[in-house]
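Colleague: Before I use these labels, I would like to hear what stands behind each one.

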Amino acid sequence: MSENWQPQVPATEINGGPIEGGPDGVKGSENESHGGPRKKVVIVGLGMVGISFIEKLMKLDSKRREYDIIVIGEEAHLAYNRVGLTSFFQHRKVENLYLNPKSWYSAVPEGSLNYHLNTKVTEIQIEKKTVSTSSGEIVPYDILVLATGSDALLPRHTPGHDAKGVFVYRTIEDLQNLITFAAERKGTHGAVVGGGLLGLEAAKAMMDLECFEKVKLIERNRWVLSRQLDGDAGGIVVEQVQALGLEVMLSKRVGKIEVTEDNCVKGVVFEDGEKMDCSTICFAIGIKARDELARKAGIKCADRGGGIVVGEDLSTSCKDIYAIGECASWENQTFGLIAPGIEMADVLSFNLTQAKVHSYRKFKRPDLSTKLKLLGVEVASFGDFFADRDGPKHLPIRAAKKINGAQSPDALKRLTDGPAPSPVKALTYKDPFSAVYKKYLFTMDGKYLLGGMMIGDTRDYVKLVPMVKNQKMLDVPPSQFILGASKEGDEGGDDLDDDTQICSCHNVTKGDVVTSVKNGSCKSIGDIKSCTKAGTGCGGCMPLVTSIFNNQMKAMGQEVKNHICPHFNYSRADLYNIIFVKKLRTLAEVMKEAGNDPTSQGCEACKPSIGNIFSSLHNRHVMDRPVHGLQETNDRFLANIQRNGTFSIIPRVSAGEITPEKLIVLGVVAKKYNLYCKITGGQRIDLFGAKKQELIPIWKELVEGGFESGHGYAKSLRTVKSCVGSTWCRYGIGDSVGMAVRLEERYKSIRSPHKMKGGVSGCVRECAEAQNKDFGLIASDKGFNIFVGGNGGATPKHSELLAKDVPPDDVVPILDRYLMFYIRTADKLQRTARWLENLPGGIKYLREVILEDKLGICASLEAQMEELVNTFFDEWAHAITDPQKSKQFTQFDNTSEGLENMETELDRGQSRPVYWAKDSAKVDFKNTKWTSLTWQPVIEASHFRGADEAPNGISANIKRGDTQLAVFRVRGKYLASQQMCPHKRAFVLSDGLIGDSNDKLWVSCPYHKRNFELNGENAGRCQNDEEVSIAVFPVEEREDGWVYLKLPPVHELDGVLGTKKWMVRKGESGEGPFEKLDRRIGRNGVGMKGRKPFEAKRELVARAGGPDGEANGGIDW
């Protein structure tokens, strides 16, 4: 007997069978158990439950290290996702199904885990506490865990069950055999027996093979999914899957499988005598617990249904032997779902490790709720979903008491009247047009939800499951679960607690918005944006913010206003029309015509909106002096500012189509400037880490290489995503790439209320995901179907069909009208999805306006869009050739020296900024006591020439020693402060927008809109975050042509505000987001199968010339 059973071969994958140079079928890691006082846990079965138990036990035992684990798997593969087997038909790669990469098994602490594949445990010696394997090894254990799973049932009483062409649907080997066999039977019919979850999965798999002319599903009941759904719901699923091409045969039982002379399947004879031709049959009629190993050892097993009998602690009838997963029988039940098995693994691992200092956990009634997508049909069942048919299994305590109290004690009466009706009421909704079915089951008084089922629309599943599980008394009538309580367009903010975060960009809670309305400080959406900063980041929270604001205003009896900010009593759409009709061109003109204070400079809320409107109307360069001061930092420098003050660059790659030569250009630039590279979801390449002073030389090289701005920094069209369509794909109907290129080239650079994204798919398979875009096209036999008003993001929305079968020539006019109508009428930072939701009449009205010209404006919309399209120019090509624009791309305005603002670290072979520190810099900079202050010249006054006419003045970033300072000239005044925003310790304030109210001026940090007052008695105070403040300094211009600041000595200034003192360093964020995960799988998944980009060992020396290596305009890295 081997005391420490060790593997005999290197840890590499096998496909089954004996291993050369080692015992038959033995497979494992090279970790050795330390032995000693640690107990040996032997696990029989390396399936989903087995690996879950291993992970949980190792995690919970990581400090105590009481156990060494040996796991013995019968299959030739590491633990894989059995639930996702169907996907194997697409990728055919076993590794894609692995629950953990191979590297995980060897990355665990030495000696803690040994695994063995392709090895069967043949016997358990209970008294000796050992197990025997098929390779002849004897393995000792202290604790034995049986996770042997189950076998797929095969009707061995049915003649022909052993014929060639009969399969089950259970393991990877089953699928590989089915794939091989189906390839030899192309054009024949396939059949699946069993209409349950597994049967529908198997049917989908056989359809995906595309080998069979027809696939038929045979079900003995009157509907499919009879274990999860009632007849009405099952009937809807049948209709849905039949529409997808699956033929369903109901109330049919297989009596015999007909075979050829060489024992190959040729058909089926049903019990009613009907015959059906087929070459392949896959049985998915259920599973049987694998308890034969336990029965042989004398461990108690269930007589009916099988399974190893376990108690609430999952122990078997034999000491130190446990059973979990599908092989376990708990209260005469076995479970074919993964969730109960995972719960068993949780309970057992906890009890083995934590129960010494905690009470034992008991395995209780598992949640058998399921939600999945079968053949494209959304299906869900939850709770006690057959309580109306079988009677409730578990009633809430209060409801049970009511029922028991109401029952008659008269036995004779019960006998004469028959059994009492089930104490359950069902609320049902059925929509045959949308194929939606919902049935919710309640107690008789409607106070408790017991369970239910859903077809077609399963969005409420995640809300309803906890209600059933927690058995909480309902505070709304049952009808609201079907009909709903909120009106269309209401985002449902009423049911949120006040401490619920509704704006993650600025950490704004519902209570912040409600309080601002209640105290009277905010009377419009613009006020809310200005006061709380909600919605001024990504804008994704605006529908919810608007809903909460509107509801609170209505509750107070106040009029709801949609003003853009406190400086205007107009919405964004109102201002657009005013500017358009009156032909206004500057902020000063807009303030004079529409502002509450004609002399105001505006604020960080209204300036970008007005600048965006100017660009939507006139398409001037955003860096031109009259509009430059209106832009956010991204537009101001034509690039997206990142965490460490550097910028990202996204050249345009229309429709994702790019040549090898252009790829080389991107590679050369990225390598030269050490830029982090990332492929975006919009099919282009993002280059991160460019310093402001590097943007001009980088873009010179990119423009020379044939690139132009991708407008990733702007509220404009980002991308038009495409599949390859009919140019390459055998299923393609339309040239999706050609259409996408034309649309992206047409609408690029056009500013809109929010970013826009498009998509074009070449067929209904929808590989370009066109139906979640602001506009999307899907090719049909007659042209393109046009979808609008969709988006991903924080509140995803499927787009709606605007026009069907549109000829390619007519696509552009329709999109011209749609986009221009959106630009004219949408609110600030309102995506097309929310705009369409709020549009009176919705999609029906939009069709009338765009397709039927209900308002008589289609010609105007088309003409305006044509004018905008014809004004296109490449903003970067202009910027690199304009000296006035180019000189703004410097880190400091008084020196060519530079400073690093944040540490970087190497991650997966590329440099990136470290994570932000946990806390803000909460030093009271505002009230810093300097030992002495003296006037010091810092920059020539000529730098600020023209500031008084600019909408945001002119600013400068000044380097003084190791300290960075921000100097502003606004409305004839000079102002100065530290450059660092204490919120995230980012050195960016000189790039912030200036806001004013009467004589008070403030600067808004471009990162997260912390507003710092620059003058007055509260100078340095943060208006919307009392925990932080900034230091301000006296500043003046003198006759010698210099601007002077009153500053302390350099060493004292650096001691308080120095860059080295405050730059964020590695480790300040605390534990990294993946440290726990990396301890399990290795940092960045190193060691997983396949070569990682950051593991490249070979230096690339690529040449554009021939094989002789002659340079021909190529690259040499």
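Colleague: What span does helix H28 reach from its first C-alpha to its last, and what is expected?

Modeller: Helix H28 (residues 858–870) has 13 residues and reaches 18 Å, close to the expected 18 Å. The expected span is 1.5 Å times one less than the number of residues. A helix here is a DSSP run (H or I, at least four residues), a strand is one of E with at least two, and both are numbered from the N terminus. This is a predicted model, in which local features need pLDDT of at least 70 and side-chain atom pairs count only at pLDDT 80 or more, while totals for chains, interfaces and linings use all residues. Residues are numbered from 1 along each chain as its sequence is written, and side-chain values use heavy atoms, without hydrogens and water.

Colleague: Which residues of H28 are buried?

Modeller: Cys858, Leu861, Gln864, Met865, Leu868 and Val869 are buried. Buried means under 20% relative accessible area, exposed over 50%, and partly exposed in between (1.4 Å probe, protein chains only).

Colleague: What puts them on the same side of H28?

Modeller: They cover an arc of only 135 degrees around the axis, so they lie on the same side of H28. The arc is taken from the directions from the helix axis to the C-beta atoms. The face turned away from the buried side carries the exposed residues Ala859, Glu867 and Asn870.

Colleague: Why is the pair of Trp876 and Phe889 called tilted?

Modeller: Rings of Phe, Tyr and Trp (its six-membered ring) pair if their centres lie within 6.5 Å; planes under 30 degrees apart count as stacked, over 60 as edge-to-face and the rest as tilted. The centres of Trp876 and Phe889 are 5.3 Å apart and the planes are at 40 degrees, so the pair is tilted. Trp876 lies in helix H29 (residues 875–879), and Phe889 in the loop between helix H30 (883–886) and strand E37 (904–907).

Colleague: Why does Phe889 count as buried?

Modeller: Phe889 counts as buried because its relative accessibility is 3%. Trp876 is buried too, because its relative accessible area is 0%.

Colleague: What makes Asp1025 buried?

Modeller: Asp1025 has a relative accessible area of 13%, and therefore it is buried. Its side chain is joined to that of Arg1010 by a polar contact of 3.0 Å. Such a contact is a pair of N or O atoms within 3.5 Å; within protein, one must be able to donate a hydrogen and the other to accept it, and residues adjacent in sequence count only if both atoms are side-chain atoms.
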